[in-house]
Amino acid sequence: MTDLATALRETAEQHGDRPALRLDDHVVTYRAFLEAAQGVAGMLRARGIEPGSRVGLVFPNVPAFPVLFYGAMFAGCAVVPMNPLLTAREIRYYLEDSGMSVVFAWDQAVQAATEAAQEVGIEAVAVGAAGPTREQLGDAEPLTEPVPRGDDDTAVVLYTSGTTGQPKGAELTQSNLWTNAHTSARTLMEITPDDVVMGCLPLFHVFGLTCGLNASVLSGACLTLLPRFDGAKALAMIGRDRVTVFEGVPTMYSGMLHAPDREQYDVSSLRSCVSGGSAMPVEVLRSFEEAFDCIILEGYGLSETSPVASFNHPHAERKPGSIGVPVAGMEMRLVNDEGGDVADDEVGEIAIRGEGLMKGYWGRPEATAESIPDGWFRTGDLARRDADGYYSIVDRKKELIIRGGYNVYPREVEEALYEHPAVAEVAVIGIQHPDLGEEVGAAVALKPGQDVGVDELRDFVKQRVAAYKYPRHLWVQDELPKGPTGKILRRSVEPPAGVRTGS
(Lines give C-alpha, C1' and ligand atoms only; values in the text may rest on other atoms or scores of the structure.)
Protein backbone atom coordinates (compact mmCIF):
# COMPACT_ATOMS: atom_id res chain seq x y z
CA MET A 1 0.00 0.00 0.00
CA THR A 2 1.22 3.48 -0.79
CA ASP A 3 -1.40 5.56 1.01
CA LEU A 4 -0.36 7.82 3.86
CA ALA A 5 -3.01 6.74 6.38
CA THR A 6 -1.84 3.13 6.18
CA ALA A 7 1.75 4.32 6.61
CA LEU A 8 0.87 6.05 9.90
CA ARG A 9 -1.01 3.00 11.16
CA GLU A 10 1.86 0.63 10.33
CA THR A 11 4.41 2.91 11.99
CA ALA A 12 2.24 3.24 15.10
CA GLU A 13 1.94 -0.54 15.30
CA GLN A 14 5.73 -0.90 15.20
CA HIS A 15 6.79 2.17 17.17
CA GLY A 16 3.76 3.13 19.26
CA ASP A 17 5.70 4.31 22.30
CA ARG A 18 8.25 6.32 20.36
CA PRO A 19 7.87 10.11 20.13
CA ALA A 20 6.33 11.18 16.83
CA LEU A 21 5.81 14.91 17.32
CA ARG A 22 7.32 17.40 19.70
CA LEU A 23 6.60 21.06 20.37
CA ASP A 24 8.89 22.17 23.18
CA ASP A 25 7.70 20.14 26.21
CA HIS A 26 4.63 18.73 24.47
CA VAL A 27 5.41 15.25 23.13
CA VAL A 28 3.03 13.03 21.13
CA THR A 29 3.82 9.33 20.73
CA TYR A 30 2.99 7.46 17.53
CA ARG A 31 0.18 5.63 19.31
CA ALA A 32 -1.36 8.91 20.48
CA PHE A 33 -0.81 10.42 17.03
CA LEU A 34 -2.69 7.56 15.38
CA GLU A 35 -5.56 7.70 17.86
CA ALA A 36 -5.90 11.46 17.43
CA ALA A 37 -5.93 11.14 13.62
CA GLN A 38 -8.56 8.40 13.82
CA GLY A 39 -10.64 10.66 16.04
CA VAL A 40 -10.43 13.47 13.49
CA ALA A 41 -11.49 11.07 10.74
CA GLY A 42 -14.52 10.08 12.79
CA MET A 43 -15.36 13.74 13.37
CA LEU A 44 -15.16 14.46 9.64
CA ARG A 45 -17.46 11.55 8.87
CA ALA A 46 -19.92 12.70 11.57
CA ARG A 47 -19.95 16.15 9.95
CA GLY A 48 -20.92 14.58 6.65
CA ILE A 49 -17.57 15.22 4.98
CA GLU A 50 -17.37 12.62 2.21
CA PRO A 51 -14.23 10.88 0.87
CA GLY A 52 -12.68 12.99 -1.85
CA SER A 53 -13.86 16.24 -0.25
CA ARG A 54 -11.33 19.04 0.20
CA VAL A 55 -10.41 19.97 3.77
CA GLY A 56 -8.53 23.21 4.43
CA LEU A 57 -5.79 23.60 7.04
CA VAL A 58 -4.49 27.02 8.11
CA PHE A 59 -1.76 26.31 10.66
CA PRO A 60 1.90 26.95 11.41
CA ASN A 61 4.10 24.06 12.57
CA VAL A 62 2.12 22.85 15.57
CA PRO A 63 0.89 19.29 16.34
CA ALA A 64 -2.62 20.18 15.16
CA PHE A 65 -1.45 20.20 11.54
CA PRO A 66 -0.13 16.60 11.44
CA VAL A 67 -3.12 15.34 13.43
CA LEU A 68 -5.67 17.01 11.15
CA PHE A 69 -3.70 16.14 8.01
CA TYR A 70 -3.55 12.45 8.79
CA GLY A 71 -7.12 12.51 10.08
CA ALA A 72 -8.17 13.77 6.65
CA MET A 73 -6.09 11.01 5.04
CA PHE A 74 -7.90 8.41 7.18
CA ALA A 75 -11.24 9.86 6.07
CA GLY A 76 -10.20 9.66 2.41
CA CYS A 77 -10.24 13.44 1.97
CA ALA A 78 -7.84 15.75 0.15
CA VAL A 79 -6.09 18.46 2.15
CA VAL A 80 -5.62 22.06 1.02
CA PRO A 81 -2.77 23.47 3.16
CA MET A 82 -2.62 27.23 3.56
CA ASN A 83 -0.13 29.67 5.00
CA PRO A 84 -1.51 31.06 8.30
CA LEU A 85 -0.28 34.52 7.25
CA LEU A 86 -2.81 34.71 4.41
CA THR A 87 -5.52 37.34 4.56
CA ALA A 88 -9.25 36.57 4.35
CA ARG A 89 -9.21 37.81 0.77
CA GLU A 90 -6.55 35.26 -0.16
CA ILE A 91 -8.09 32.38 1.80
CA ARG A 92 -11.43 32.95 0.12
CA TYR A 93 -9.90 32.31 -3.29
CA TYR A 94 -8.50 28.96 -2.14
CA LEU A 95 -11.84 27.98 -0.61
CA GLU A 96 -13.81 28.86 -3.72
CA ASP A 97 -11.41 27.44 -6.27
CA SER A 98 -10.98 24.08 -4.53
CA GLY A 99 -14.64 23.65 -3.63
CA MET A 100 -13.65 23.14 -0.01
CA SER A 101 -16.10 21.51 2.40
CA VAL A 102 -14.63 22.73 5.70
CA VAL A 103 -11.60 24.70 6.87
CA PHE A 104 -9.72 24.27 10.15
CA ALA A 105 -7.59 27.14 11.45
CA TRP A 106 -5.52 27.80 14.51
CA ASP A 107 -6.39 30.57 16.94
CA GLN A 108 -4.37 33.36 15.32
CA ALA A 109 -5.66 32.63 11.81
CA VAL A 110 -9.25 31.77 12.61
CA GLN A 111 -10.60 35.31 12.17
CA ALA A 112 -9.41 35.52 8.56
CA ALA A 113 -10.48 31.93 7.87
CA THR A 114 -13.92 32.51 9.37
CA GLU A 115 -14.47 35.68 7.37
CA ALA A 116 -13.54 33.85 4.18
CA ALA A 117 -15.62 30.78 5.04
CA GLN A 118 -18.72 32.85 5.77
CA GLU A 119 -18.43 34.55 2.39
CA VAL A 120 -18.18 31.17 0.68
CA GLY A 121 -20.84 29.47 2.80
CA ILE A 122 -18.84 26.76 4.56
CA GLU A 123 -17.79 26.21 8.17
CA ALA A 124 -14.52 27.34 9.73
CA VAL A 125 -13.42 25.46 12.85
CA ALA A 126 -10.96 26.93 15.34
CA VAL A 127 -8.46 24.38 16.64
CA GLY A 128 -5.74 24.92 19.23
CA ALA A 129 -2.08 24.10 18.71
CA ALA A 130 -2.40 20.62 20.22
CA GLY A 131 -5.30 19.59 17.99
CA PRO A 132 -9.06 19.16 18.36
CA THR A 133 -10.39 18.89 21.91
CA ARG A 134 -12.63 16.09 23.17
CA GLU A 135 -15.53 18.50 23.01
CA GLN A 136 -14.82 19.20 19.33
CA LEU A 137 -14.57 15.50 18.54
CA GLY A 138 -17.89 14.99 20.33
CA ASP A 139 -19.49 11.56 20.31
CA ALA A 140 -18.15 10.66 16.89
CA GLU A 141 -16.77 7.13 16.61
CA PRO A 142 -13.08 7.11 15.65
CA LEU A 143 -12.42 5.74 12.19
CA THR A 144 -10.04 2.88 12.98
CA GLU A 145 -9.75 1.68 9.38
CA PRO A 146 -8.70 4.21 6.72
CA VAL A 147 -11.02 4.77 3.81
CA PRO A 148 -9.46 2.83 0.91
CA ARG A 149 -7.66 5.13 -1.51
CA GLY A 150 -6.06 4.34 -4.84
CA ASP A 151 -2.59 5.44 -5.86
CA ASP A 152 -4.04 8.04 -8.23
CA ASP A 153 -6.51 9.51 -5.75
CA THR A 154 -5.80 13.13 -4.82
CA ALA A 155 -4.26 13.57 -1.36
CA VAL A 156 -3.33 17.26 -1.47
CA VAL A 157 -4.30 20.29 -3.54
CA LEU A 158 -1.30 22.55 -3.14
CA TYR A 159 -1.67 26.04 -4.56
CA THR A 160 1.16 27.41 -6.63
CA SER A 161 1.54 29.77 -9.54
CA GLY A 162 3.79 31.31 -12.10
CA THR A 163 3.52 35.02 -12.69
CA THR A 164 0.35 35.10 -14.75
CA GLY A 165 -3.16 34.25 -13.70
CA GLN A 166 -4.44 33.20 -10.30
CA PRO A 167 -2.70 30.52 -8.20
CA LYS A 168 -3.32 26.99 -9.46
CA GLY A 169 -3.90 23.95 -7.26
CA ALA A 170 -1.40 21.18 -7.99
CA GLU A 171 -3.12 17.84 -7.38
CA LEU A 172 -0.67 15.54 -5.64
CA THR A 173 -1.81 11.95 -5.33
CA GLN A 174 -1.36 9.40 -2.57
CA SER A 175 1.31 7.72 -4.67
CA ASN A 176 3.06 11.04 -5.45
CA LEU A 177 3.46 11.90 -1.79
CA TRP A 178 4.19 8.40 -0.50
CA THR A 179 6.86 7.58 -3.07
CA ASN A 180 8.60 10.96 -2.77
CA ALA A 181 8.62 10.73 1.02
CA HIS A 182 9.90 7.15 0.83
CA THR A 183 12.70 8.12 -1.57
CA SER A 184 13.63 11.14 0.56
CA ALA A 185 13.69 9.14 3.79
CA ARG A 186 15.46 6.04 2.52
CA THR A 187 17.95 7.16 -0.10
CA LEU A 188 18.55 10.87 0.51
CA MET A 189 18.44 11.48 4.27
CA GLU A 190 18.59 7.84 5.39
CA ILE A 191 16.14 8.43 8.24
CA THR A 192 15.65 5.73 10.88
CA PRO A 193 13.40 5.46 13.99
CA ASP A 194 16.33 6.75 16.04
CA ASP A 195 16.45 10.06 14.19
CA VAL A 196 15.07 13.42 15.29
CA VAL A 197 14.11 15.59 12.31
CA MET A 198 13.97 19.37 12.61
CA GLY A 199 10.50 20.58 11.66
CA CYS A 200 11.13 24.23 10.86
CA LEU A 201 10.12 24.04 7.20
CA PRO A 202 6.44 25.03 6.96
CA LEU A 203 4.23 21.94 6.82
CA PHE A 204 1.85 23.83 4.52
CA HIS A 205 4.70 23.82 1.98
CA VAL A 206 5.45 20.63 0.06
CA PHE A 207 9.12 20.57 1.17
CA GLY A 208 8.18 20.43 4.85
CA LEU A 209 5.17 18.20 4.24
CA THR A 210 7.02 15.52 2.26
CA CYS A 211 10.58 15.62 3.56
CA GLY A 212 9.68 16.58 7.13
CA LEU A 213 6.32 15.17 8.19
CA ASN A 214 5.66 12.31 5.79
CA ALA A 215 9.27 11.10 5.65
CA SER A 216 9.36 11.04 9.46
CA VAL A 217 6.09 9.09 9.67
CA LEU A 218 7.25 6.52 7.12
CA SER A 219 10.47 6.07 9.12
CA GLY A 220 9.17 6.20 12.68
CA ALA A 221 11.35 9.22 13.45
CA CYS A 222 10.49 12.14 15.73
CA LEU A 223 9.62 15.50 14.13
CA THR A 224 10.38 18.39 16.48
CA LEU A 225 8.35 21.44 15.49
CA LEU A 226 9.28 25.11 15.31
CA PRO A 227 6.26 27.32 14.46
CA ARG A 228 8.28 30.41 13.54
CA PHE A 229 11.89 30.20 12.54
CA ASP A 230 14.55 31.94 14.58
CA GLY A 231 18.23 31.07 14.22
CA ALA A 232 19.03 31.04 17.93
CA LYS A 233 15.87 29.09 18.80
CA ALA A 234 16.69 26.51 16.11
CA LEU A 235 20.21 26.06 17.47
CA ALA A 236 18.86 25.67 21.01
CA MET A 237 16.37 23.04 19.81
CA ILE A 238 19.09 21.07 18.04
CA GLY A 239 20.94 20.74 21.33
CA ARG A 240 17.85 20.18 23.49
CA ASP A 241 16.21 17.55 21.30
CA ARG A 242 19.42 16.03 19.88
CA VAL A 243 18.33 16.78 16.32
CA THR A 244 20.10 14.57 13.78
CA VAL A 245 18.54 15.73 10.49
CA PHE A 246 18.11 19.41 9.64
CA GLU A 247 16.07 20.44 6.61
CA GLY A 248 15.87 24.07 5.62
CA VAL A 249 16.01 26.78 3.00
CA PRO A 250 19.20 28.87 2.61
CA THR A 251 17.91 31.75 4.74
CA MET A 252 17.53 29.36 7.68
CA TYR A 253 21.15 28.31 7.43
CA SER A 254 22.12 31.97 7.20
CA GLY A 255 19.98 32.71 10.26
CA MET A 256 21.77 30.08 12.34
CA LEU A 257 25.16 31.14 11.00
CA HIS A 258 24.55 34.73 12.11
CA ALA A 259 22.82 33.94 15.41
CA PRO A 260 24.33 35.74 18.42
CA ASP A 261 26.72 33.57 20.46
CA ARG A 262 26.31 30.66 18.06
CA GLU A 263 29.39 29.00 19.55
CA GLN A 264 27.57 28.32 22.83
CA TYR A 265 25.08 25.90 21.23
CA ASP A 266 25.71 22.17 21.08
CA VAL A 267 24.99 20.92 17.55
CA SER A 268 27.13 17.79 17.76
CA SER A 269 24.07 15.56 17.20
CA LEU A 270 23.65 16.77 13.58
CA ARG A 271 24.59 14.18 10.98
CA SER A 272 22.68 15.40 7.91
CA CYS A 273 21.72 18.84 6.62
CA VAL A 274 19.50 19.29 3.55
CA SER A 275 18.85 22.51 1.65
CA GLY A 276 16.27 23.34 -1.01
CA GLY A 277 13.64 25.94 -1.88
CA SER A 278 16.09 28.30 -3.55
CA ALA A 279 19.73 28.38 -4.56
CA MET A 280 22.17 28.10 -1.67
CA PRO A 281 24.91 30.75 -1.87
CA VAL A 282 28.17 28.83 -1.91
CA GLU A 283 29.70 31.19 0.64
CA VAL A 284 26.86 30.51 3.10
CA LEU A 285 27.26 26.76 2.54
CA ARG A 286 31.00 26.81 3.19
CA SER A 287 30.72 29.09 6.21
CA PHE A 288 27.98 26.96 7.78
CA GLU A 289 29.87 23.72 7.25
CA GLU A 290 33.00 25.22 8.77
CA ALA A 291 31.12 26.64 11.75
CA PHE A 292 28.92 23.62 12.54
CA ASP A 293 30.91 20.70 11.14
CA CYS A 294 28.01 19.26 9.15
CA ILE A 295 27.86 18.91 5.37
CA ILE A 296 24.88 20.43 3.54
CA LEU A 297 23.38 18.43 0.68
CA GLU A 298 21.44 20.49 -1.87
CA GLY A 299 18.43 19.35 -3.83
CA TYR A 300 15.80 20.68 -6.20
CA GLY A 301 12.09 20.27 -6.67
CA LEU A 302 8.76 22.01 -7.09
CA SER A 303 5.26 21.78 -5.72
CA GLU A 304 4.28 20.00 -8.93
CA THR A 305 6.89 17.26 -8.34
CA SER A 306 5.99 16.44 -4.71
CA PRO A 307 8.74 18.00 -4.50
CA VAL A 308 12.17 16.31 -4.74
CA ALA A 309 13.39 15.79 -8.30
CA SER A 310 17.19 15.94 -7.93
CA PHE A 311 19.69 15.80 -5.10
CA ASN A 312 23.36 15.68 -4.18
CA HIS A 313 23.12 12.12 -2.92
CA PRO A 314 24.95 10.89 0.18
CA HIS A 315 27.88 8.54 -0.51
CA ALA A 316 28.35 10.16 -3.93
CA GLU A 317 30.29 13.13 -5.24
CA ARG A 318 28.90 16.42 -3.97
CA LYS A 319 29.17 19.49 -6.15
CA PRO A 320 28.51 22.71 -4.19
CA GLY A 321 26.32 25.07 -6.17
CA SER A 322 24.66 22.25 -8.11
CA ILE A 323 21.27 20.62 -7.52
CA GLY A 324 22.69 17.15 -8.02
CA VAL A 325 21.29 14.36 -10.17
CA PRO A 326 17.73 12.99 -10.54
CA VAL A 327 16.46 10.95 -7.59
CA ALA A 328 15.09 7.42 -7.87
CA GLY A 329 11.79 7.34 -9.75
CA MET A 330 12.31 10.73 -11.39
CA GLU A 331 13.77 11.75 -14.74
CA MET A 332 15.12 15.15 -15.80
CA ARG A 333 16.24 16.61 -19.09
CA LEU A 334 16.99 20.03 -20.54
CA VAL A 335 14.91 21.21 -23.47
CA ASN A 336 14.78 24.18 -25.82
CA ASP A 337 11.67 26.18 -26.67
CA GLU A 338 10.64 23.55 -29.23
CA GLY A 339 10.92 20.70 -26.72
CA GLY A 340 14.13 19.28 -28.16
CA ASP A 341 17.07 18.18 -26.00
CA VAL A 342 20.03 20.48 -25.48
CA ALA A 343 23.62 19.31 -25.18
CA ASP A 344 25.65 19.13 -21.99
CA ASP A 345 26.94 22.51 -20.79
CA GLU A 346 24.28 24.33 -22.83
CA VAL A 347 21.40 26.15 -21.14
CA GLY A 348 17.95 24.63 -21.38
CA GLU A 349 14.69 24.51 -19.46
CA ILE A 350 14.41 21.71 -16.91
CA ALA A 351 11.71 19.19 -17.84
CA ILE A 352 10.68 16.46 -15.37
CA ARG A 353 8.62 13.30 -15.36
CA GLY A 354 8.27 10.40 -12.95
CA GLU A 355 6.43 9.07 -9.93
CA GLY A 356 6.38 12.42 -8.14
CA LEU A 357 4.81 14.38 -11.00
CA MET A 358 1.44 15.83 -10.12
CA LYS A 359 -1.87 14.56 -11.47
CA GLY A 360 -2.52 18.01 -12.89
CA TYR A 361 -3.81 21.44 -11.90
CA TRP A 362 -7.15 21.34 -10.11
CA GLY A 363 -9.94 22.20 -12.53
CA ARG A 364 -7.51 23.55 -15.16
CA PRO A 365 -7.02 21.00 -17.95
CA GLU A 366 -5.67 23.65 -20.34
CA ALA A 367 -3.03 24.80 -17.85
CA THR A 368 -2.12 21.17 -17.19
CA ALA A 369 -1.71 20.46 -20.91
CA GLU A 370 0.40 23.60 -21.33
CA SER A 371 2.76 22.68 -18.49
CA ILE A 372 2.94 18.97 -19.41
CA PRO A 373 2.66 19.02 -23.22
CA ASP A 374 4.33 15.67 -23.84
CA GLY A 375 4.44 13.90 -20.49
CA TRP A 376 7.34 16.10 -19.34
CA PHE A 377 6.61 18.94 -16.92
CA ARG A 378 8.13 22.27 -17.96
CA THR A 379 9.50 23.84 -14.80
CA GLY A 380 10.36 27.31 -16.11
CA ASP A 381 13.83 26.94 -14.59
CA LEU A 382 16.89 27.23 -16.80
CA ALA A 383 19.93 25.08 -16.06
CA ARG A 384 23.08 23.42 -17.37
CA ARG A 385 24.03 19.76 -17.04
CA ASP A 386 27.68 18.72 -16.84
CA ALA A 387 29.31 15.57 -18.19
CA ASP A 388 28.65 13.76 -14.89
CA GLY A 389 24.91 14.43 -15.12
CA TYR A 390 24.83 17.10 -12.38
CA TYR A 391 22.44 20.00 -12.94
CA SER A 392 23.08 23.63 -12.00
CA ILE A 393 20.40 26.32 -12.04
CA VAL A 394 21.24 29.29 -14.23
CA ASP A 395 18.13 31.44 -13.98
CA ARG A 396 14.36 31.31 -13.71
CA LYS A 397 12.44 31.49 -16.92
CA LYS A 398 9.37 32.44 -14.95
CA GLU A 399 9.33 35.67 -13.02
CA LEU A 400 8.38 34.05 -9.75
CA ILE A 401 9.93 35.78 -6.73
CA ILE A 402 11.28 33.54 -3.96
CA ARG A 403 11.58 35.55 -0.75
CA GLY A 404 13.18 33.62 2.08
CA GLY A 405 11.98 30.33 0.60
CA TYR A 406 8.38 31.55 0.15
CA ASN A 407 6.92 31.94 -3.31
CA VAL A 408 5.60 35.41 -4.12
CA TYR A 409 3.62 35.69 -7.31
CA PRO A 410 3.96 39.17 -8.84
CA ARG A 411 0.46 39.33 -10.26
CA GLU A 412 -1.13 38.68 -6.85
CA VAL A 413 0.68 41.71 -5.42
CA GLU A 414 -0.05 43.74 -8.54
CA GLU A 415 -3.75 42.97 -8.32
CA ALA A 416 -3.84 44.22 -4.74
CA LEU A 417 -2.10 47.47 -5.71
CA TYR A 418 -4.46 47.94 -8.64
CA GLU A 419 -7.31 48.17 -6.12
CA HIS A 420 -5.97 51.55 -4.98
CA PRO A 421 -7.96 54.27 -6.78
CA ALA A 422 -4.87 56.31 -7.63
CA VAL A 423 -2.92 53.48 -9.28
CA ALA A 424 -2.80 53.18 -13.08
CA GLU A 425 -0.08 50.59 -13.69
CA VAL A 426 2.03 48.25 -11.55
CA ALA A 427 5.00 45.98 -12.13
CA VAL A 428 6.23 43.77 -9.30
CA ILE A 429 9.76 42.41 -9.60
CA GLY A 430 12.36 40.53 -7.56
CA ILE A 431 15.24 42.48 -6.04
CA GLN A 432 18.37 40.71 -4.85
CA HIS A 433 18.75 40.47 -1.09
CA PRO A 434 21.84 39.08 0.72
CA ASP A 435 19.84 37.04 3.27
CA LEU A 436 16.38 36.46 1.78
CA GLY A 437 17.58 35.68 -1.74
CA GLU A 438 15.05 38.10 -3.18
CA GLU A 439 12.97 40.98 -1.87
CA VAL A 440 9.71 42.21 -3.40
CA GLY A 441 9.82 45.48 -5.31
CA ALA A 442 7.00 47.37 -7.01
CA ALA A 443 7.07 50.11 -9.63
CA VAL A 444 3.84 52.13 -9.76
CA ALA A 445 2.52 54.63 -12.27
CA LEU A 446 -0.30 56.85 -11.03
CA LYS A 447 -3.42 58.01 -12.80
CA PRO A 448 -3.31 61.58 -14.17
CA GLY A 449 -3.78 64.21 -11.48
CA GLN A 450 -3.27 61.76 -8.62
CA ASP A 451 -0.74 62.27 -5.87
CA VAL A 452 -0.15 59.58 -3.27
CA GLY A 453 2.86 58.70 -1.14
CA VAL A 454 4.71 55.40 -1.29
CA ASP A 455 4.03 54.77 2.42
CA GLU A 456 0.30 54.97 1.81
CA LEU A 457 0.57 52.58 -1.13
CA ARG A 458 2.68 50.16 0.87
CA ASP A 459 0.23 50.21 3.78
CA PHE A 460 -2.64 49.68 1.34
CA VAL A 461 -1.19 46.52 -0.17
CA LYS A 462 0.09 45.32 3.21
CA GLN A 463 -3.53 45.01 4.37
CA ARG A 464 -4.41 42.85 1.36
CA VAL A 465 -1.64 40.28 1.11
CA ALA A 466 0.36 38.14 3.53
CA ALA A 467 3.22 39.84 5.36
CA TYR A 468 5.92 38.13 3.33
CA LYS A 469 4.41 39.33 0.03
CA TYR A 470 4.09 43.09 0.34
CA PRO A 471 6.78 45.16 -1.42
CA ARG A 472 9.44 46.51 0.90
CA HIS A 473 10.75 48.51 -2.07
CA LEU A 474 8.07 50.61 -3.75
CA TRP A 475 8.55 53.60 -6.02
CA VAL A 476 6.47 55.80 -8.31
CA GLN A 477 7.48 56.57 -11.89
CA ASP A 478 5.80 58.38 -14.78
CA GLU A 479 5.23 55.29 -16.90
CA LEU A 480 6.23 51.63 -17.07
CA PRO A 481 8.13 50.01 -19.95
CA LYS A 482 5.93 48.19 -22.45
CA GLY A 483 6.28 45.94 -25.46
CA PRO A 484 4.78 46.39 -28.92
CA THR A 485 1.38 45.12 -27.82
CA GLY A 486 1.25 47.39 -24.79
CA LYS A 487 2.11 44.64 -22.34
CA ILE A 488 4.09 45.84 -19.33
CA LEU A 489 7.60 44.38 -19.42
CA ARG A 490 8.59 43.48 -15.88
CA ARG A 491 12.13 42.52 -16.82
CA SER A 492 12.70 46.01 -18.25
CA VAL A 493 11.66 47.78 -15.04
CA GLU A 494 14.57 49.67 -13.51
CA PRO A 495 14.50 50.20 -9.74
CA PRO A 496 15.88 53.35 -8.09
CA ALA A 497 19.64 53.79 -7.81
CA GLY A 498 21.17 51.62 -5.12
CA VAL A 499 18.55 48.89 -5.40
CA ARG A 500 19.81 45.83 -7.27
CA THR A 501 17.33 43.82 -9.28
CA GLY A 502 16.96 40.07 -8.94
CA SER A 503 17.01 37.51 -11.70
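Trainee: Which strand gives the most to the lining of the largest cavity?
Mentor: In this predicted model, the largest cavity has a volume of about 260 Å³ and is lined by 17 residues. Three strands, β4 (78-82), β7 (154-160) and β22 (406-408), each supply at least two residues of that lining. The one that gives the most, with three residues, is β7.

Trainee: How many residues of the lining of the largest cavity are charged?
Mentor: Y94, Y159, F204, Y409 and Y468 are the lining residues that lie nearest the centre of the largest cavity, and Tyr and Phe both count as nonpolar. Across the lining of the largest cavity there are 11 nonpolar and five polar residues, and the number of charged residues is one.

Trainee: Which element gives the most to the lining of the second largest cavity?
Mentor: About 30 Å³ of space lies in this second cavity, and its lining includes M198, G199, G208, G212 and E247. Both β9 (196-199) and α8 (206-219) supply at least two residues of the lining. The element that gives the most, with three residues, is α8.

Trainee: Is E304 buried or exposed?
Mentor: E304 is found in the loop between β13 (296-301) and β14 (308-311), and among the residues it touches, beyond those up to four places away in sequence, are T160, L172, M358 and F377. Its relative accessible area is 6%, and because the cut-off for burial is under 20%, E304 is classed as buried.

Trainee: Which residue's side chain is joined to that of E304 by a polar contact of 2.7 Å?
Mentor: The residues that E304 touches include G356, L357 and Y361. The side-chain partner in the 2.7 Å polar contact with E304 is Y361.

How values were computed:
Residues are numbered from 1 along each chain as its sequence is written. This is a predicted model: local features need pLDDT of at least 70, side-chain atom pairs count only at pLDDT 80 or more; totals for chains, interfaces and linings use all residues. Side-chain values use heavy atoms; hydrogens and water are left out. Helices (H or I, at least four residues) and strands (E, at least two) are DSSP runs, numbered from the N terminus. Buried means under 20% relative accessible area, exposed over 50%, partly exposed in between (1.4 Å probe, protein chains only). A polar contact is a pair of N or O atoms within 3.5 Å; within protein, one must be able to donate a hydrogen and the other to accept it, and residues adjacent in sequence count only if both atoms are side-chain atoms. Contact means heavy atoms within 4.5 Å. On a 1 Å grid over the protein atoms alone, a cavity is a set of points where a 1.4 Å probe fits but cannot get out, and a pocket is an open set with protein on both sides within 12 Å along at least five of seven lines; lining residues have an atom within 4 Å of a point. Grid points are joined across faces, edges and corners, and a volume is the space filled by probe spheres set on the points.
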